[in-house]
Amino acid sequence: MVVSRLAGAVRHAGESVETLRVLDLGAGNGIVSDELKKFGVARLVGLDIIESAREAALRDRPAGYDEYFVADMTNPDAETSSALEEWRLDALTCVAALGFDDIPAAAFVTAMETIAEDGWLAFNIKTDFLQKADKGGFAALVKALLDHDLVELHLLERYRHRLSIDGEWLEYFVLVAKKRGPLPPDIISRFAGSAASQ
Ligand SMILES: C[S@@+](CC[C@H](N)C(=O)[O-])C[C@H]1O[C@@H](n2cnc3c(N)ncnc32)[C@H](O)[C@@H]1O
């Protein structure tokens with residue numbers, strides 16, 4: 001869903017999916033790489049905080065990622081940051097990984113900084129996390145990015161992600177946007193600052 005919506009938006013904007021250099025944040029065992037490879041992206045880098053996720057991805061999908069980093073994207077070590085920079089990434093995907101108990105807004109902002117100034121962003125998130133009352137910071141982050149014209153919104157779609165164990169549908173948004181430039185320092189310190197100073 002996220003990858004097909006990203007590909008659709010990129011093509012609609014007259015750009016090429018095949019030249020994208022993608023960072024897959026919270027890559028886990030690499031399911032998302034199957035989709036991204038289907039669309040023929042140029043380069044694909046995975047990143048996860050858990051070493052066993054990397055091991056599983058390399059075992060199950062040895063050709064999935066061009067490189068797979070293990071790091072906490074809330075506060076990545078200098079070596080990982082400079083290695084990521086060398087990949088000259090221009091798209092960020094984050095699938096089924098944002099929100100409570102998973103990837104915090106601070107890590108997403110840091111990942112946003114690693115991609116090009118006009119890079120693409122594509123993620124999905126439970127609808128609750130984009131409500132005003134959300135304490136995780138994603139609603140405030142998305143609002144700030146749009147209010148300050150820091151991204152151009154290409155797609156926002158609500159859909160039924162999957163059934164919960166209670167048999168209820170879990171509703172998600174998929175969002176695709178394009179950065180309009182570097183993130184300003186006030187946004188970085190507001191959303192990633194406390195993590196960076198830890
Ligand atoms: C629910 S899994 C999603 C995996 C994959 N994207 C998928 O769709 O199957 C979320 C992943 O985010 C990773 N994660 C959580 N916090 C993170 C962080 N601060 N930095 C990098 N990865 C993180 C977790 O280790 C986990 O593998």
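Which residues lie nearest the centre of the largest pocket? They are G26, A27, V95, A96 and A97, which belong to a lining of 31 residues. The structure is a predicted model, in which local features need pLDDT of at least 70 and side-chain atom pairs count only at pLDDT 80 or more, while totals for chains, interfaces and linings use all residues. Residues are numbered from 1 along each chain as its sequence is written, and side-chain values use heavy atoms, with hydrogens and water left out.

**Pockets and cavities**

Rolling a probe the size of a water molecule over the atoms shows where empty space is left. On a 1 Å grid over the protein atoms alone, a cavity is a set of points where a 1.4 Å probe fits but cannot get out, whereas a pocket is an open set with protein on both sides within 12 Å along at least five of seven lines, and lining residues have an atom within 4 Å of a point. Grid points are joined across faces, edges and corners, and a volume is the space filled by probe spheres set on the points. In the table, nonpolar stands for Ala, Val, Leu, Ile, Met, Phe, Trp, Tyr, Cys and Pro, charged for Asp, Glu, Lys and Arg, and polar for the others, Gly among them.

| Space | Volume | Lining residues by type |
|---|---|---|
| Largest pocket | about 570 Å³ | 20 nonpolar, 7 polar, 4 charged |
| Second largest pocket | about 260 Å³ | 8 nonpolar, 3 polar, 3 charged |
| Largest cavity | about 60 Å³ | 9 nonpolar, no polar, no charged |
| Second largest cavity | about 30 Å³ | 8 nonpolar, no polar, no charged |

Helices (H or I, at least four residues) and strands (E, at least two) are DSSP runs, numbered from the N terminus. In the largest pocket, helix 2 gives the most to the lining, with 3 residues. In the second largest pocket, strand 5 gives the most, with 3 residues, and the residues nearest the centre of that pocket are A96, D102, K126, R162 and Y172.

A search of the whole structure finds 2 cavities of 30 Å³ or more. The largest cavity is lined by L121, F123, V142, L145, L146, V151, L153, L175 and A177, and helix 6 gives the most to this lining, with 3 residues. The second largest cavity has V3, L6, A7, V17, L20, L36, F39 and V41 around it, with the largest share, 3 residues, coming from helix 1 (residues 2-12).

**Two packed helices**

Helix 6 also packs with helix 5: their axes, which are lines fitted to C-alpha atoms over the stretch in contact, with angles running from 0 to 180 degrees between N-to-C directions, come within 9 Å and cross at roughly 35°. The contact (heavy atoms within 4.5 Å) is made by A105, F108, V109 and M112 of helix 5 and by F138, L141 and L145 of helix 6. These residues divide into 7 nonpolar, no polar and no charged.

**Residues in loops**

Most residues other than glycine have a negative phi. A96, however, has a positive phi near 55°, and its place is in the loop between strand 4 (91-94) and helix 5 (105-114). D149, in the loop between helix 6 and strand 6, likewise has a positive phi of about 55° although it is not a glycine.

Buried means under 20% relative accessible area, exposed over 50%, and partly exposed in between (1.4 Å probe, protein chains only). A96 is partly exposed at 42%, whereas T127, at 5%, counts as buried. T127 lies in the loop between strand 5 and helix 6 and touches R158, E171, Y172 and F173, not counting residues up to four places away in sequence.
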